[in-house]
Each structure stands twice: as C-alpha cells, then as structure tokens.
Amino acid sequence: KLPDGLQTVLGEGGGLLSGGQGQRVRLGRGLLHGDARLVLLDEPFRGLDHGQRRELACRVREHFAKATLLFVSHDVGDTRDFDRVIVIDGGRVVEDDSPANLSANESSLYRRLLDAEESVRKNVWQHACWRRVRVESGRVTEKAAVE
C-alpha cells in the first residue's frame, strides 16, 4: 500500500511510518532474501490482531524453513506453534523445551506466563467495559461485546 512498494523511503529510523508499518516493510524486504541462514524477528507483528500475527508467523516459518529463526515476543501465546521455546528471566535462560512440554509442566515459568496472558485476555480485554471498534477504509464500526 506504500507509494513505491518495498522501495518506499521510510525516513530516518523508519520515522515516516508507524512502528508496526515499518516492521512489516522491513519484514517484506527481509523475505526477499530466501537464502538466509539466520533470521531474527523482534516483535515483528506488533499492532496486529492475534489471527493476523498467527498467519504471518506461519508464513514466515514456511518461508525460512531452512534457516534458524529466532522469534522474540512478549505475546507468549504466539510461541505455541514453534518447535522450541527459550524462556529468559532476569537475563538468564531459565527454560528451554518444546511449548507442549513446558505448558504441560505446572511449575514451568512458561506455563505461568501462558496462564497470566489468558487471565488478562479473559478478565481485562474481554471485559464488557471496553468498546470494540474497527477502522477499515476510513470507516469506524463497533463490534458487539464479547461475552
């Protein structure tokens, strides 16, 4: 949607775009390098809804299937589909295993993070006090509250 596509000048530090837009343009440019051996994505889908993040993560994993992919995220649920999760706490690796194994272990920090994220989603973000609006093509629409 940018005027010059992937060649659009982003300004110093991407200042001409929102943070999320800049991230996605840089990701698009990175996807042009299919022969990468190491790919580091740091919060690459910031600002997108869960479904969009999941779809893009799947596409990126497929595209860079032969590379080592490091995916940094504070959205713990986004890591469930990866082969391996490394949990860092206080600057140290405290857990390193598959998401399935870590989430099955009740004493796992990864499990506690997943539980906390789900609690916030259910008890805060889905609370009836929030209005749910969507902006599309310059129009604002309101969604019904989630029960």
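A residue is called buried here when its relative accessible area is under 20%, and the structure shown is a predicted model.

**View 1. A salt bridge between Arg 53 and Asp 78.** The side chains of Arg 53 and Asp 78 meet in a salt bridge, with N and O 2.8 Å apart. Because Arg 53 belongs to helix α2 (residues 50-63) while Asp 78 sits in the loop between β2 and β3 (85-89), the pair ties together parts that are 25 residues apart in sequence. Arg 53 has a relative accessible area of 14% and is therefore buried, and Asp 78, at 12%, also counts as buried.

**View 2. A salt bridge between Asp 96 and Arg 84.** The closest N and O atoms of Asp 96 and Arg 84 are 2.7 Å apart in this salt bridge, which links strand β4 (residues 92-97), where Asp 96 lies, to the loop between β2 and β3, where Arg 84 is found 12 residues away. Asp 96 is partly exposed at 41% relative accessibility, whereas Arg 84 is exposed at 53%.

View 3. Salt bridges with shared partners join Glu 117, Glu 118, Arg 121 and Lys 122 into one network.

View 4. Leu 40, located in strand β1, counts as exposed at 57% relative accessibility.

Notes:
Residues are numbered from 1 along each chain as its sequence is written. This is a predicted model: local features need pLDDT of at least 70, side-chain atom pairs count only at pLDDT 80 or more; totals for chains, interfaces and linings use all residues. Side-chain values use heavy atoms; hydrogens and water are left out. Helices (H or I, at least four residues) and strands (E, at least two) are DSSP runs, numbered from the N terminus. Buried means under 20% relative accessible area, exposed over 50%, partly exposed in between (1.4 Å probe, protein chains only). A salt bridge is a side-chain nitrogen of Lys or Arg within 4 Å of a carboxyl oxygen of Asp or Glu.
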